[in-house]
Amino acid sequence: MDVRIRAIDGDEWRLWRSLRMRAVEEAPDAFRSTLGQESAEADDWWIELIKKTADHPYDVLLVAEAAGDAVGMLFGRVNEGELLDVGSMWVEPEVRRNGIGRRLLANAVEWGVSVGAVRAELWVGKDNTAAQRLYEQAGFVPTGETEPLRAGSDLVVEKLVVDL
Ligand SMILES: CC(C)(COP(=O)(O)OP(=O)(O)OC[C@H]1O[C@@H](n2cnc3c(N)ncnc32)[C@H](O)[C@@H]1OP(=O)(O)O)[C@@H](O)C(=O)NCCC(=O)NCCS
């Protein structure tokens, strides 16, 4: 499968929003925020968020495109100059198990290292076997630190870390 991974520009808020809407609808247990919360946000909220994030030197918004269609996403942020936070990882179900998630993650790590990250962390659902395997293949290890996915939720997420 011919897939391109790229960082989006600050004016591509519609692209990120449509992917994000699809992700939170398709995989509601994988993300802290919900379709209800995100679909309630006005255009201006998305415009400002994506502009600020895409233009920030320590943030990256990655999309995966296959035959011109956006089929995956990932957000990366380097905090305190050295800690890469990874989130918003999602791949369209029809194209899963083609290595797109792995490539998104590898691309984020490569970017993070290029801006000084020495360690990466992320949170993954205790029941999310697919994502756990993907992260463990990339060297992430469980920390034992857990918390509810969101306030009042029975779903539990665990922090994973890796030295880069
Ligand atoms: C997790 C997710 C991003 C994986 O995307 P993907 O493009 O299918 O992943 P890849 O094809 O790169 O898989 C890489 C490795 O992860 C593991 N993996 C992926 N999906 C798996 C599954 N369903 N079951 C078991 N292992 C799986 C495998 O080890 C795989 O390597 P292999 O295919 O060579 O065996 C995708 O399933 C998804 O979007 N899930 C819903 C959202 C989500 O859970 N996001 C993560 C939030 S923390």
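1. The shell around the ligand is made up of twelve nonpolar, five polar and four charged residues. Here Ala, Val, Leu, Ile, Met, Phe, Trp, Tyr, Cys and Pro count as nonpolar, Asp, Glu, Lys and Arg as charged, and the others, Gly among them, as polar. In total 21 residues surround the ligand, a residue being near if one of its heavy atoms lies within 4 Å. Met89, Val91, Gly99, Arg102 and Asn128 are the closest.

2. The model is predicted, with local features needing pLDDT of at least 70 and side-chain atom pairs counted only at pLDDT 80 or more, while totals for chains, interfaces and linings use all residues. Residues are numbered from 1 along each chain as its sequence is written, and side-chain values use heavy atoms, with hydrogens and water left out.

3. Valine 91 has a polar backbone atom 2.8 Å from an oxygen atom of the ligand. For glycine 99, a polar backbone atom is likewise 2.8 Å from a ligand oxygen. For asparagine 98, a backbone N or O atom is 3.2 Å from an oxygen atom of the ligand. The ligand taken alone exposes 920 Å², of which the protein buries 81% (Shrake-Rupley method, 1.4 Å probe).

4. Which elements each supply at least two residues of the shell? They are strand E4 (83-91), helix H4 (100-114), strand E5 (119-125) and helix H5 (129-137). H5 gives the most, with six residues. Helices (H or I, at least four residues) and strands (E, at least two) are DSSP runs, numbered from the N terminus.

5. Strand E4 pairs with E3 (residues 69-79) in antiparallel fashion through seven bridges; two strands pair if DSSP finds at least two bridges between them. Valine 91 of E4 is the bridge partner of glycine 72. The two strands form a hairpin with three residues between them, and glutamate 80 in the turn has a positive phi of about 50°.

6. E4 also runs parallel to E5, joined by three bridges. Leucine 83 has arginine 119, in E5, as its bridge partner.

Notes
Polar contact = N/O pair within 3.5 Å; in protein donor to acceptor, adjacent residues only side chain to side chain.
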